[in-house]
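Reader: Could we go through this model together? I would like to begin with the charged side chains and then turn to the sheet.

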Amino acid sequence: AKDDGIGLDIGMAREVSDFRIMGYAAMTCRTIRESVEDIWYHYGDALGMMSKISITVRDDESMSLLIESVNPSQRIHRFTVEETLSILLKVGTQVAGTRPKFDSIELSYADPGYGERYRELFQCPVKFGKPLCRVIINAQWLDSPLATADAELHQIYRSNLVQLKHM
């Protein structure tokens, strides 16, 4: 069966509210970088995400996020990576109020036949057939302050996330 990027479509249909307390905790962080490092990285699996995001490189110019699927099936892996990238784009835009600046995307699978769709959607170079799946995100965007930052509310959300993760 041909899917033509259903993972991209599903990810783009997601809203920050779909992630409940984790989404709201992300919105109350000071910056997007804090949101990625403190919330999505540590608590994404607590909400049943089909992928694991890990931060592989941090510097003054960018952050590299490794995307790993919990399912080894090639078709499920591609779907999971597509969904995760689209969620980063859609929810990142909602949380930050501005579109994420992806410097590049590297994917461990071959072009599925709609590679141009990736380039148009993410507005960056996309390279297929690489050893790992990762996205390089611009540090300037990551360090943008969030208009919804609220330290007191963030602490409440984060405490609840800690409890949820240990249930």
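**Charge pairs and strands**

Author: Lys90 is buried, with a relative accessible area of 18%; buried means under 20% relative accessible area, exposed over 50%, and partly exposed in between (1.4 Å probe, protein chains only). This is a predicted model, in which local features need pLDDT of at least 70 and side-chain atom pairs count only at pLDDT 80 or more, while totals for chains, interfaces and linings use all residues. Residues are numbered from 1 along each chain as its sequence is written, and side-chain values use heavy atoms, with hydrogens and water left out.

Reader: Which residue forms a salt bridge with Lys90?

Author: Glu15 does, with the closest N and O atoms 3.1 Å apart. A salt bridge here is a side-chain nitrogen of Lys or Arg within 4 Å of a carboxyl oxygen of Asp or Glu. Glu15 lies in the loop between H1 and helix H2 (20–27) and Lys90 in helix H4 (residues 74–96), so the pair ties together parts that are 75 residues apart in sequence. Helices (H or I, at least four residues) and strands (E, at least two) are DSSP runs, numbered from the N terminus.

Reader: Is Glu15 buried or partly exposed?

Author: Glu15 counts as partly exposed, because its relative accessibility is 33%.

Reader: How many salt bridges does the structure hold?

Author: There are 10. One of them joins Arg117 to Asp9, whose closest N and O atoms are 2.2 Å apart. That pair links distant parts of the chain, with Arg117 in helix H5 (residues 115–122) and Asp9 in helix H1 (residues 6–13), 108 residues apart. Both are partly exposed, Arg117 at 29% and Asp9 at 39%.

Reader: Turning to the sheet, what is the order of its strands?

Author: It is an open sheet of five strands in the order E1-E2-E5-E3-E4, with mixed pairing; two strands pair if DSSP finds at least two bridges between them.

Reader: Which strands stand at the edges?

Author: Strand E1 (51–58) and strand E4 (126–127) do; each has a single partner strand, so one side of each is left without a neighbour in the sheet.

Reader: And how do E2 and E5 run?

Author: Strand E2 (residues 62–69) and strand E5 (residues 134–138) run antiparallel and are joined by five bridges. Ser62 has Asn138 in E5 as its bridge partner.

Reader: Finally, where does Asp103 lie?

Author: Asp103 belongs to strand E3 (residues 102–106). At 34% relative accessibility, Asp103 counts as partly exposed.
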